[in-house]
Amino acid sequence: MTPYSVSNSTNSTVPPSGPVTFSAVYSQGAPGEGIGGYDLQSSADRSFAFDYDHSGKLDHIVLYRPGAGAIFILKNENGTFFPVYKQGAPGSGIGGYDLKSPADRAFAFDYEQSGKLDYLVFYRPGKGAIYILKNDNGNFSAVYGQSGIAGYDFASPDDHAFAFDLDHSGKLDYIATYRPGTGTFWIIKNVNGTFEAVYHQGDPGFGIGGYDLQSPADAAIAFDYDHTGKMDYLVLYRPGNGTIWILKHDGSDFIPVYHQGEPGNGIGIGGFDLSSPSDSAFAFDYGSTGRQDYLVLYRPGAGLFEILKNTNGTFTPVYGQDPPGEGIGGYDLRSPADLGYAFDYRQTGKLDHIVLYRPGAGAIFIVEESTASG
């Protein structure tokens, strides 16, 4: 492995110059025993960060098993994780949502427009169900539970959804939904519990901002492109052919501020070529600035992991390896099942740690920049 060297500017919002290394603050290798009593022994297991106690910090971990009704919410106390909510397998789900379908997916959402991702959204692609759950001291109840939302029917097994900041408020209080391969993309607003579409391209549609969403491989995430602390840009990418666009919401329009591919064959971004169908991305707070303004791209099964800095639209790696890669912080990324996301491990309000886990093998690591912990 040959690590990239990093030469950052003297700008105080980025880490000092020098080689960047990551180390694990929590590690369970494969085979492992999972975390906080959740064994991660099913290939269906999924996880994400959540604000359980309305603190404005994504410092709890949700782990759930679609099709089995199982869900844990874990609290971290000085590196020891334990459940504050627990339904084992088989279980009955949470807040009336039974988690009985293998298709079930979930994410954290700012329902009250408070700036806190303290509600849970569960949805069932192909069946139409979507629930939004409120947490009242560990008792979860539905504030919304219907088939579809604001006209979006969730009728396709390919449907995806995530939280997004459309109006540059600093709050992830909109729901973005999309259907890869059909050009369908909707953005949904919550008005006092009534949901309405403020952007919609039906099935079939033309995508968004010039990105056509005509490939079944297309994926999308929210991102802080201009270092404002707001997740108000859309990253759309096509694993396997190098296409990636970043879209800005300007008035009623979306315009690309970065694009590779038309969409079509591209060369990826920041040296990461996006040539594998397994490539994935998420936003990350590198440097503990309180902003998710770096892009993580990784290739499960190949060990490749890059963290990209954006300087006026030019992306460069601050962390990565020449292929073949060796992952990050001791996590080798050698399984095609590997997944990852950003997490607030130290309860600082900053998503400056990375969770990597291997469903079906019990493996989970939480890593941080080695120089960050002091």
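# Strands, core and contacts in a predicted model

Visitor: How many of the five residues of S14 are buried?
Guide: Buried means under 20% relative accessible area, exposed over 50%, and partly exposed in between, with a 1.4 Å probe and protein chains only. In a regular strand the side chains alternate between the two faces of the sheet. From S14, Ala219, Ile221 and Phe223 point one way and Ala220 and Ala222 the other way, and all are buried. S14 is therefore largely enclosed by the rest of the structure, the buried count being five of the five.

Visitor: Which side chain makes a polar contact with the side chain of Asp218?
Guide: Asp218 lies in the loop between strand S13 (194-201) and strand S14 (219-223), and Asp218 is buried, with a relative accessible area of 3%. Setting aside neighbours within four places in sequence, Asp218 is in contact (heavy atoms within 4.5 Å) with Tyr178, Pro180, Tyr211, Leu213, Tyr237 and Arg238. A polar contact is a pair of N or O atoms within 3.5 Å; within protein, one must be able to donate a hydrogen and the other to accept it, and residues adjacent in sequence count only if both atoms are side-chain atoms. At 2.6 Å, the side chain making a polar contact with that of Asp218 belongs to Tyr211.

Visitor: How far from a polar atom of the side chain of Arg291 does the backbone oxygen of His227 lie?
Guide: Arg291 lies in the loop between strand S18 (280-284) and strand S19 (294-299). Arg291 is buried, with a relative accessible area of 18%. From a polar atom of its side chain to the backbone oxygen of His227 the distance is 3.4 Å.

Visitor: In what order do the strands of the open sheet with edge strands S2 (46-50) and S5 (80-87) run?
Guide: Each edge strand, S2 and S5, pairs on one side only. Five bridges join S2 to strand S3 (residues 60-65), which run antiparallel, and Phe48 has Val62 in S3 as its bridge partner. The pairing in this sheet of four strands is antiparallel, and the order is S2-S3-S4-S5.

Visitor: Which residue in S24 is the bridge partner of Gln28?
Guide: Another open sheet has four strands in the order S1-S24-S23-S22, with antiparallel pairing. Its edge strands, S1 (22-28) and S22 (339-343), each pair on one side only. Six bridges join S1 to strand S24 (residues 363-369), antiparallel. The partner of Gln28 in S24 is Ile364.

Visitor: Which residue takes a positive phi in the hairpin of S8 and S9?
Guide: Strands S8 (residues 129-136) and S9 (residues 139-147) pair in the antiparallel sense over eight bridges, and Lys134 has Ser141 in S9 as its bridge partner. The hairpin has two residues between the strands, and the residue with a positive phi near 55° is Asn137.

Visitor: How many residues apart in sequence are the parts that the pair of Tyr258 and Phe315 ties together?
Guide: Rings of Phe, Tyr and Trp (its six-membered ring) pair if their centres lie within 6.5 Å; planes under 30 degrees apart count as stacked, over 60 as edge-to-face and the rest as tilted. The count comes to 30 aromatic pairs, and that of Tyr258 and Phe315 is edge-to-face, with 5.5 Å centre to centre and 80° between the planes. Tyr258 lies in strand S17 (residues 253-260) and Phe315 in strand S21 (residues 314-319), so the separation of the parts tied together is 57 residues.

Visitor: How many residues has the largest nonpolar core?
Guide: A nonpolar core is a set of buried Ala, Val, Leu, Ile, Met, Phe, Trp, Tyr and Cys residues joined through side-chain atoms within 4.5 Å. Phe305 also belongs to a cluster in which ring pairs link Phe22, Phe282, Tyr298, Phe305 and Tyr319. Phe185, Phe305 and Ile307 have the most contacts inside the largest core, whose residue count is 116.

Definitions and conventions. Residues are numbered from 1 along each chain as its sequence is written. This is a predicted model: local features need pLDDT of at least 70, side-chain atom pairs count only at pLDDT 80 or more; totals for chains, interfaces and linings use all residues. Side-chain values use heavy atoms; hydrogens and water are left out. Two strands pair if DSSP finds at least two bridges between them.
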